[in-house]
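Please look over the sequence and the three-dimensional model shown here.

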Amino acid sequence: QVQLVESGGGLVQPGGSLRLSCAASGIRFSSFKMNWYRQAPGKQRELVAGITGDGSTEYADSVKGRFTISRDNTKSTVVLQMNSLTPVDTAVYYCNAKFIVEYWGQGTLVTVSE
């Protein structure tokens, strides 16, 4: 059974940081491209960052220079470090694993507010 379990969401003030983690099980983790998506209220889900099995990364323009994605293939985990957060970053963040098929986590809420 495939599971992607996110953790690390919460409430943070503007300018603050959060670290999201996703623990995967039931897949050959190193074969999968791992992604973080987010969906803000009333908006479509969008790709935030992705990382291939060998470590190549991509970022949405809106988060470049503020967010960093990384992975540990030995622990089957992927991390999204988010810095300089603004209210625009408020959304439910989803972990996604993609290799021919794709799997989704349940999501974790990030709220950036005073």
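The sections below take up the aromatic pairs, the charges over rings, the nonpolar patch, the disulfide and the salt bridges in turn.

## Basis of the description

This is a predicted model, in which local features need pLDDT of at least 70 and side-chain atom pairs count only at pLDDT 80 or more, whereas totals for chains, interfaces and linings use all residues. Residues are numbered from 1 along each chain as its sequence is written, and side-chain values use heavy atoms, with hydrogens and water left out.

## Aromatic pairs around Phe-32

Four aromatic pairs are found when the whole structure is searched; rings of Phe, Tyr and Trp (its six-membered ring) pair if their centres lie within 6.5 Å, and planes under 30 degrees apart count as stacked, over 60 as edge-to-face and the rest as tilted. One of these pairs joins Phe-32 and Phe-99 in an edge-to-face arrangement, with 5.7 Å centre to centre and 65° between the planes. Because Phe-32 lies in the loop between strand E3 (18–25) and strand E4 (33–39) while Phe-99 belongs to strand E9 (residues 91–99), this pair ties together parts that are 67 residues apart in sequence. Helices (H or I, at least four residues) and strands (E, at least two) are DSSP runs, numbered from the N terminus.

Phe-32 also pairs with Tyr-103, here in a tilted arrangement with 6.1 Å centre to centre and 40° between the planes. Tyr-103 lies in strand E10 (residues 101–104) and Phe-32 in the loop between E3 and E4, so this contact ties together parts that are 71 residues apart in sequence. Within it, Phe-32 is buried at 7% relative accessibility, whereas Phe-99 is partly exposed at 43% and Tyr-103 is partly exposed at 29%; buried means under 20% relative accessible area, exposed over 50%, and partly exposed in between (1.4 Å probe, protein chains only).

## Arg-45 over two rings

The charged end of Arg-45 sits over the ring of Trp-104, 4.6 Å from its centre, and Arg-45 lies over the face of Tyr-94 as well, at 3.8 Å from the ring centre. A charge is taken to sit over a ring if NZ of Lys or CZ of Arg is within 6 Å of the ring centre and within 35 degrees of the ring normal.

## Nonpolar patch and positive phi angles

Phe-99, Ile-100 and Val-101 make a nonpolar surface patch of about 330 Å². Patches are made of residues with over 30% relative accessible area and no salt bridge, like charges being joined within 9 Å and nonpolar side chains (Val, Leu, Ile, Met, Phe, Trp, Tyr) within 5 Å; accessible areas come from the Shrake-Rupley method with a 1.4 Å probe, and for residues only the protein chains shown count as cover. Val-101, which is found in strand E10, is partly exposed at 40% relative accessibility.

Ile-100 lies in the loop between E9 and E10 and is exposed, with a relative accessible area of 82%. Although Ile-100 is not a glycine, its phi is positive, at about 70°. Ser-76, likewise not a glycine, has a positive phi of about 55°; Ser-76 is placed in the loop between strand E7 (67–72) and strand E8 (77–82) and is buried, at 18% relative accessible area.

## The disulfide

One disulfide is found in a search of the whole structure, the criterion being a pair of cysteine sulfur atoms within 2.5 Å. It joins Cys-22 and Cys-95, whose sulfur atoms are 2.1 Å apart, and the link is left-handed, with -80° about the S-S bond. Distant parts of the chain are linked in this way, with Cys-22 in strand E3 and Cys-95 in strand E9, 73 residues apart. Both Cys-22 and Cys-95 are buried.

## Salt bridges

The structure holds six salt bridges, each defined by a side-chain nitrogen of Lys or Arg within 4 Å of a carboxyl oxygen of Asp or Glu. Among them is the bridge between Lys-33 and Glu-58 (2.2 Å, N to O). Since Lys-33 lies in strand E4 and Glu-58 in strand E6 (residues 57–59), the pair ties together parts that are 25 residues apart in sequence. Lys-33 is partly exposed at 26% relative accessible area, and Glu-58 is partly exposed at 34%.

Asp-61 and Lys-64 form a salt bridge with their closest N and O atoms 3.1 Å apart, and both residues are exposed. In the salt bridge of Glu-102 with Lys-98, the closest N and O atoms are 3.7 Å apart; Glu-102 is partly exposed at 38% relative accessibility, and Lys-98 is partly exposed at 35%. Arg-38, Glu-46, Arg-66 and Asp-89 are linked in a network of salt bridges.
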